[in-house]
Amino acid sequence: MAEPILSIEGVYFRYLNQSEYAVQNVSFQAERGEWLAIVGHNGSGKSTIARLLIGLLRPERGAIRLFGRPLDETTVWDVRRRVGMVFQNPDNQFVGTTVEDDIAFALENNGIPRDEMVERIHEAVRQVHMESFLEHEPHRLSGGQKQRVAIAGILALRPDMIILDEATSMLDPRGREEVLGTVRHLNRQRRITVVSITHDLEEAAKADRMIVMNKGEVVAEGTPEHVFRLGGKLERMGLDLPFAVKMGGRLREQGIPLREGYFTTEELVEELWTLYSKK
């Protein structure tokens, strides 16, 4: 069996002057090409995990391995070249006056030759469908377009892993679908490992596997279908189940023979249409 691309083993971390741990005894793995969603309410420890994964924070106890190597002061810069992170507010990531300049910035810092740089920039914007925006100012784009530019800047570096830290929380529904659709395409076509940090269970439903955190601990792990069976337990932790999951459960309680596993309204409506169009 291949070694996981990411492995966290018994990690503890607490912030300066804090008596309680922000994360405690956290362990999980991710395989190459997997989409892993880490979910939890505000303060559950999920964003701390994101910062631990790229070496912005160091664990008090436990170990983190990325690409088969321990994450420490001797490996952190090599790891960061292979991991791209998209933050909640893309404006905080822009440094260039145009989309093209912004994507070029990190490539220049990594010493990429100019001819190769131009090739990578054009390949990256094609992947996120932003080819016609190269000369636009990043700050004048819509929320979804800004996040796609942020993703393009990461893709130009050709990472093995992308971390989305609440990257869709400030977007409208259309922008959210644009960004998640782009990430899913890259995940499937390029086998880029995706770690999505979110409190939005509708977003997490698109992942291959979910990890639920509460008070710094991992309290559940499994496929979205498996995790959503926890129902009320998730809601008591401050997480709002997707509408289709809640409605599907209520319809089954009324005797409607719906199978489980519907995470979007469209899927639920299609199943109801199929059931009743036969009658």
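Figure 1. On a 1 Å grid over the protein atoms alone, a pocket is an open set of points with protein on both sides within 12 Å along at least five of seven lines, a cavity is a set where a 1.4 Å probe fits but cannot get out, and lining residues have an atom within 4 Å of a point. The model is predicted, so that local features need pLDDT of at least 70 and side-chain atom pairs pLDDT 80 or more, while totals for chains, interfaces and linings use all residues. Residues are numbered from 1 along each chain as its sequence is written, and side-chain values use heavy atoms, with hydrogens and water left out. The second largest pocket holds about 350 Å³ of space, a volume being the space filled by probe spheres set on grid points that are joined across faces, edges and corners. Its lining consists of 16 residues, and Glu 177, Glu 202, Lys 206, Phe 263 and Thr 264 are those that lie nearest the centre. Two or more lining residues come from each of α6 (173-190), α7 (201-204), α10 (243-253) and α11 (265-277), with α6 giving the most, four residues. Sorted by class, this lining has eight charged residues, six nonpolar and two polar (charged: Asp, Glu, Lys and Arg; nonpolar: Ala, Val, Leu, Ile, Met, Phe, Trp, Tyr, Cys and Pro; polar: the others, Gly among them).

**Figure 2. The largest pocket and the elements around it.** The volume of the largest pocket is about 770 Å³, and of the 24 residues that line it, Met 85, Gln 93, Ala 106, Ile 154 and Leu 157 lie nearest its centre. The elements that give two or more residues to this lining are α2 (76-82), β6 (83-86), α3 (99-109) and α5 (143-155), where helices (H or I, at least four residues) and strands (E, at least two) are DSSP runs numbered from the N terminus. Helix α3 gives the most, with five residues, and the lining as a whole divides into 15 nonpolar, six polar and three charged residues.

**Figure 3. Strand β4 and its two partners.** Strand β4 (residues 61-66) pairs in the antiparallel sense with strand β1 (residues 6-13) over five bridges, pairing being assigned if DSSP finds at least two bridges between two strands. Across this pairing, Arg 61 of β4 stands opposite Tyr 12. With strand β5 (residues 69-70), β4 likewise pairs in the antiparallel sense, over two bridges, and here Arg 65 has Pro 70 of β5 as its bridge partner. The hairpin of β4 and β5 has two residues between the strands, and in this hairpin Phe 67 takes a positive phi near 55°.

Figure 4. The structure holds 19 salt bridges, each a side-chain nitrogen of Lys or Arg within 4 Å of a carboxyl oxygen of Asp or Glu. In one of them, the closest N and O atoms of Asp 91 and Lys 146 are 3.2 Å apart. Because Asp 91 lies in the loop between β6 and α3 whereas Lys 146 lies in helix α5, the pair ties together parts that are 55 residues apart in sequence. Asp 91 is partly exposed, at 26% relative accessible area, while Lys 146, at 12%, counts as buried (buried is under 20%, exposed over 50% and partly exposed in between, with a 1.4 Å probe and protein chains only).

**Figure 5. Further salt bridges.** Asp 240 and Lys 246 meet through their side chains at 3.0 Å, N to O; Asp 240 is exposed, with a relative accessible area of 51%, and Lys 246 is partly exposed at 26%. Arg 32, Arg 82 and Asp 160 are linked in a network of salt bridges.
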